[in-house]
Amino acid sequence: MTRPAPDPTLPWPEYAKALTDPARARERPEALDDLLVLDCSQANFAGLFASSILAEFGATVIRIEPPGGDPARAFSPEGRRHRDTGLAYLVEGRNKHHVTLDLDHAEGRLLLRRLAAKADVLIETFRPGVMDGWGLGYRQLRQLNSRLVYVALATYGQFGPRAASPIPDHDVTTQALSGVAHITGEPEGPDGAQPWAMPTRQGSWAGWYMGGGWAAFAALAALAWRATSGEGQFCDVSPAEGEMRMSDYGVHWYHSHRQVWERTGAFNISVFPYTLIKTTDAYSFIAGFSDANWTGLTNIMGRPELKERFPTVRDRTAADKQPEIHRELEAWSHDLTSQDVLDRVMDYMLNKRGPGTVATARVNTPKDTLAEAHWWERGVFQRFEDPHYGALTLQAPPWKMSATPPRLKWACRPVGADNVAIYTRYLGLGPSELASLRDRGII
Amino acid sequence: MAEAEYFRWTAELFDRAKIFDKPEALAGIRILELTTLILGPSTADFLGEFGAEVIKVELPPAGDTMRYVTPRGTFWKNASLGFFPENHSKYHVGIDLHKEDGKALFKQLAARADVMVENFRAGTLDRWGIGYRDLSALNPRLIYVANSGFGQWGPFALGRASYDAVAQTVSGMIGITGFPGRPPITCGIFIGDWFGALMAATAALVALHHRRRTGQGQFIDYAQSEGLIRSLDWTWVWAGLTGEDRAPAGNRDRALGASDIVRCRDGFVAIAAVTDAEFRGLCAAIGSPGLAEDPQFATLAARLEPAHADAVLRRVREWAADLTRADLEALGEKHGFAAARVASAADRYDDPHLRARGAVWAYEDGLYGPMVEQGPAPKLSATPGRIRWAARPVGWHNEHVFRTILGLSPSEIQALESRGVVGHWADRVGAKPPDGATPGASP
């Protein structure tokens, strides 16, 4: 399938839109539609996000749940269910085939082995050694299928002094071990310990989503190697290490100067101004941290003398100067709305009124974001009509791609909804065999 | 026993000492990057850690802005600490892309590249004549990753600058993070950049998979704000179904009960006991096993009732206050719930588990001497990731790249240098090598 090239005389934004508009994704092929993925994760949104990524790009993903359903279906604010399923699972059930299988049962394990013999990727989140103990670990499955890419997620990974730790993999523990929670949140003030002045987690499941992202990345890297070698491999993914990889340069600072990075609220210790300021209607982020950009910001503020007071990056990132600079910024924004701040910045930037690049944005609540046309025009959100779950507001895949755009095909399915289709298609099981498996609680 | 045997096998399979004796998943893939700060550089870096050759083009003599981003203005051996974690094992060249000959040279590199990564404001490189339209005409197999704040098209894409924290604000991430009633905080790390880079690198791997099947390259438009929107789990489906905004909830997790960060005698610990079995373990550890049978707490749905969740978490906080981090971690392992310290940089730096796994990676660099950094995140058994050398000054590898990849003669390179088409570091902290270093003496 070749795509007609957009008119080459179009201005860049129109050309780029013609190239990648997700509204036309269905006209184009899917990159991973040659892959079969088994997602055996349980009670774990890192595993679920990993298989969502592969499913968004067209892989056939079989979601294998215990017969009662994955406990992750119950992970929902205040326990709220929509039909039979929690809200978080409605987001990560996308494009997957939902089957049940009891891996605690020998016959269930045999069925999984038969599926694994045909699969390209297997994802699991059990305590390290559990799948191996069941005869379903990488070293057993590779005997059946040497091309299999086996991805295991666990907090401490599959090897190393703590690998045998039996703790379940959760988001908050990943955020804690990664080092990110340690440097996020308000420091203790003069009043000492307060319930809010403590290490703070991201409100979203940042640990699980980073862990899942790394698991998908690992699977795709292993598939690249398989294309060269013909061989699969074992990918050991610790979500904690996945988030740790992103923990900026705290380890470097400790190595170079034995300095331990501590939390500083909304004051960035390396770039400033790069902070949140109060306006009449909301908080806004504002940045102008290099010398040129600080010049731009002080011009926009109409306070060029501030440039002389805090002339260097070192001045502006000093712990004692940051509150002073912050007070000056808030003195300026005190009578402005967040839109005024944006208008002044954009006037300076678009009309090239002086040097420097300044960035600003209102601190949105989610509903503020949902009200902005930009995201809808770009297909970032979809009001999705799902045959079983009805109308849902869902975040779409985040990539715009010219040749193989990802897409949302269905939101979720009930527990075991695809048992008949999948077990018939892949294992040739007929109605009476399926009925027997169902009666015995294996599926 | 079987489990001990499993860990003996994984220790052998993933042995760090054998990493350099194993092949690399992305060997033979060449990445050309024209990027600054973190989002672009780490997109290339993640691929480089798994064997891609990365050529980093900077504008001499100052180079990448990240060379001047460092905690409290503290440089080390003339380098910023901020420049290290997203620039490993790369070839650093300096080309002045404002000159026509510089663009021509850049195009020669693009003709020989598999993946191009950039993070300029939308349309900038198209205007310079080295954007997707120009480069894909030269090299139809090229995968072009355009990273940005708001994407290549749509209302916000037109001239608006963005940084990591802009993505945090516009996505709603800051709006759902932190403690109710407190001023907003930014994430301690540049999370939109890092997570964005992981998503962009993943898309590049997907596009390489498609190219193996078809020979065709493609264009990828990745906006970091949209990546964070994708990562906000149930936020959007909740707003769609309830019409309500998601507000910050502190460290408590509204969808997982019990899950929190608690203060203990020597620091803070994250605790999560979510499934019924995990919760029974937590109750046993607290010394109140009966709590797990109380109808207020017997099921996850009951535990997620706000009043019930508060009651449990009060108990957990009182219990934890007199224990140490090590006590709580040991109790989690004994009773099967998740408990893990809020780790500082110092905690991670010295952690024998992380050292054994290469999650904290110590090596001797030819230019900077002993280095300790975060290592590659996923651990791949057949094609493990690795760090070869640390970041280098602007233009450090001009000679290598222009001679061995483009085949220029020494006199041609000299002519380009004398006309200022190619160049290297300024005599400025952040750009230049450590004092006393000899160019050519280290890779």
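User: How do you know which parts of the model may be described, and how are residues and chains labelled?

Analyst: Because this is a predicted model, local features need pLDDT of at least 70 and side-chain atom pairs count only at pLDDT 80 or more, while totals for chains, interfaces and linings use all residues. Residues are numbered from 1 along each chain as its sequence is written, and chains are lettered from A and ligands numbered from 1 in the order in which they are written.

User: What is the confidence in chain B, and what does the model score overall?

Analyst: pLDDT is the predictor's confidence in each residue, from 0 to 100; the mean for chain B is 97, and 100% of its residues reach 70 or more. The model scores ipTM 0.98 and pTM 0.98.

User: What makes residues of chain B count as being in contact with chain A, and how many are there?

Analyst: Two residues are in contact if their C-beta atoms, placed from the backbone, lie within 7 Å, and by that rule 155 residues of chain B are in contact with 153 residues of chain A. The largest share of this side of chain B, 15 residues, comes from helix H7 (residues 191-214) of chain B, where helices (H or I, at least four residues) and strands (E, at least two) are DSSP runs numbered from the N terminus. By class, the side of chain B that touches chain A has 93 nonpolar, 39 polar and 23 charged residues, with Ala, Val, Leu, Ile, Met, Phe, Trp, Tyr, Cys and Pro counted as nonpolar, Asp, Glu, Lys and Arg as charged, and the others, Gly among them, as polar.

User: Why is the seven-stranded sheet called open?

Analyst: The order is S5(A)-S2(A)-S1(A)-S6(A)-S7(A)-S8(A)-S14(B), with mixed pairing. Strand S5 (96-100) of chain A and strand S14 (379-380) of chain B stand at the edges, each with a single partner strand, so one side of each is left without a neighbour in the sheet. Within this sheet, four bridges join S6 (residues 121-124) of chain A to S7(A) in parallel, and Val121(A) stands opposite Val149(A). On S8 (residues 233-237) of chain A, S7(A) pairs in the parallel sense over five bridges, with Cys235(A) as the bridge partner of Val151(A).

User: Why is strand S7 of chain A called mostly covered?

Analyst: A residue is buried if 20 or more other C-beta atoms lie within 10 Å of its own, exposed if 12 or fewer, and partly exposed in between, with C-beta atoms placed from the backbone; five of the five residues of S7 (residues 149-153) of chain A are buried. In a regular strand the side chains alternate between the two faces of the sheet. Here Val149(A), Val151(A) and Leu153(A) point one way and Tyr150(A) and Ala152(A) the other way, and all are buried.

User: What puts the buried residues of helix H16 of chain B on the same side?

Analyst: In H16 (residues 398-405) of chain B, Asn398(B), Val401(B) and Phe402(B) are buried. They cover an arc of only 90° around the axis, the arc being that of the directions from the helix axis to the C-beta atoms, which puts them on the same side of H16(B). What covers them includes strand S2 (53-58), strand S5 (91-94) and helix H17 (410-418) of chain B. Just after H16(B), Gly407(B) takes a positive phi of about 70°.

Notes: Pairing = 2+ DSSP bridges.
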